[in-house]
Amino acid sequence: MVLHVKKSVQLLRDLRQARWLPQFNDKLVKDVVEEILNDTREMKNLVARYTDLDDVPREVVAGLCLYNDLIDRNRRCVLAYLNARLEKIEELRWEVGLMVPEEKLKRLHDSEKQYMHVYNTLLDRYMKSYVPNCKEPLDLTADAEAPEDMNVQIRVCDEGMGEIVTPDSGVVRLRKGYQLYVKRTDIEHLIRAGKVEHVKTLRLEDGGVSL
C-alpha cells in the first residue's frame with residue numbers, strides 16, 4: 001500500500017527541489033492516475049457481492065476507507081502538482097511579459113503551453129479594453145513602483161536580440177555588450193526577462209559613476 005503514494009509524493013518533491021519548474025513528468029502523472037483508477041475498481045469489487053450496504057462486514061468497510069484515503073491522497077498530490085505549475089506559469093507572464101526564456105518554455109507540457117497562450121490572450125484583451133472606448137492600453141505587468149527616471153541606461157546581456165521597434169525610443173539595436181539610453185517603459189519587459197540589465201548611475205553628488 002505504501003507504494004501507492006510514493007509516486008504522487010515524488011511529484012511534489014520534484015517541484016520543491018526545482019529552481020523554477022521541473023520538466024513535466026507525464027509518465028509519473030499517468031502512473032498516479034492509473035493507481036487512482038485501480039483503487040476505485042478495487043473498492044467496487046469489495047462491495048460487488050453485497051446488495052445491501054448495511055450487510056457489509058466491518059473489515060470490508062475498513063478496506064474501503066483505506067482505499068478511499070489512498071485515492072484522496074493521490075488526487076490531492078496530483079492536483080497540487082498541476083496547480084502549482086499553472087501558478088508559476090501565470091507568475092512568469094507578469095515577470096517577463098511575452099518573451100518567455102526558451103529554457104523555461106522547454107519544461108512545459110504542450111497543454112501548459114496552450115494554457116499560457118490563452119492566459120496571455122485574455123490578459124492582453126483586458127489591458128486593451130479595461131474600460132469602454134479606452135484609447136491607450138493599460139500595462140498591468142509594468143512595475144508597481146514608479147521608476148526614479150523615465151529614461152534609463154541599459155546593458156545588453158543576451159545574444160541575437162537584433163533590432164526592436166519601440167513606441168517612444170524608435171528602432172533600438174540590441175547587441176550583446178552594448179550600453180544604450182532608452183525610455184524605461186520601452187524595455188521594461190526585457191529587463192524583467194534578464195535580456196538586458198539596468199545600469200544604475202549614481203547621482204552627481206555621488207560622483208556620477210555607472211554601476
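Close-up 1. Leaving aside its neighbours within four places in sequence, L28 is in contact with K7, Q10 and L11, where contact means heavy atoms within 4.5 Å. L28 lies in helix α2, which spans residues 26-47; helices (H or I, at least four residues) and strands (E, at least two) are DSSP runs, numbered from the N terminus. With a relative accessible area of 12%, L28 is buried, a term that means under 20% relative accessible area, while exposed means over 50% and partly exposed lies in between (1.4 Å probe, protein chains only). L28 and Q10 are 18 residues apart along the chain, and their C-alpha atoms are separated by 8.6 Å. The model shown here is predicted, so that local features need pLDDT of at least 70 and side-chain atom pairs count only at pLDDT 80 or more, whereas totals for chains, interfaces and linings use all residues. Residues are numbered from 1 along each chain as its sequence is written, and side-chain values use heavy atoms, with hydrogens and water left out.

Close-up 2. L46 is found in helix α2 and counts as partly exposed, at 28% relative accessibility. Its contacts, leaving aside neighbours within four places in sequence, are V60, G63, L64 and Y67. The C-alpha atoms of L46 and V61 are separated by 8.9 Å, the two residues being 15 residues apart along the chain.

**Close-up 3. The nonpolar cores.** A nonpolar core is a set of buried Ala, Val, Leu, Ile, Met, Phe, Trp, Tyr and Cys residues joined through side-chain atoms within 4.5 Å. The largest has 26 residues, of which L11, Y81, L92, L108 and M116 touch the most other members. Helices α1 (3-17), α2 and α3 each supply at least two residues of this core, and α3 gives the most, with ten residues. Not counting residues up to four places away in sequence, Y81 touches L11, L12, L15, Q23, F24, N25 and V29. A second, separate core of twelve residues includes V152, V182, I191 and V196.

Close-up 4. Three strands form an open sheet in the order β4-β1-β5, with antiparallel pairing; two strands pair if DSSP finds at least two bridges between them. β4 (179-183) and β5 (196-198) are the edge strands, each pairing on one side only. β1 (residues 151-156) and β4 pair over five bridges, and the bridge partner of Q153 in β4 is Y181. Helix α6 (residues 184-193) packs on the sheet, touching β1, β4 and β5, and its direction makes about 120 degrees with that of β4; axes are lines fitted to C-alpha atoms, for helices over the stretch in contact, and angles run from 0 to 180 degrees between N-to-C directions. Seven of the ten residues of α6 are buried, among them R184, D186 and I191.

**Close-up 5. The crossing of helices α3 and α6.** The axes of α3 (residues 58-96) and α6 come within 7 Å and cross at roughly 130 degrees. The two helices are therefore oblique to each other, given that angles under 35 degrees count as roughly parallel, over 145 as roughly antiparallel, 65 to 115 as roughly perpendicular and the rest as oblique. W94, E95 and V96 in α3 meet H189, R192 and A193 in α6.
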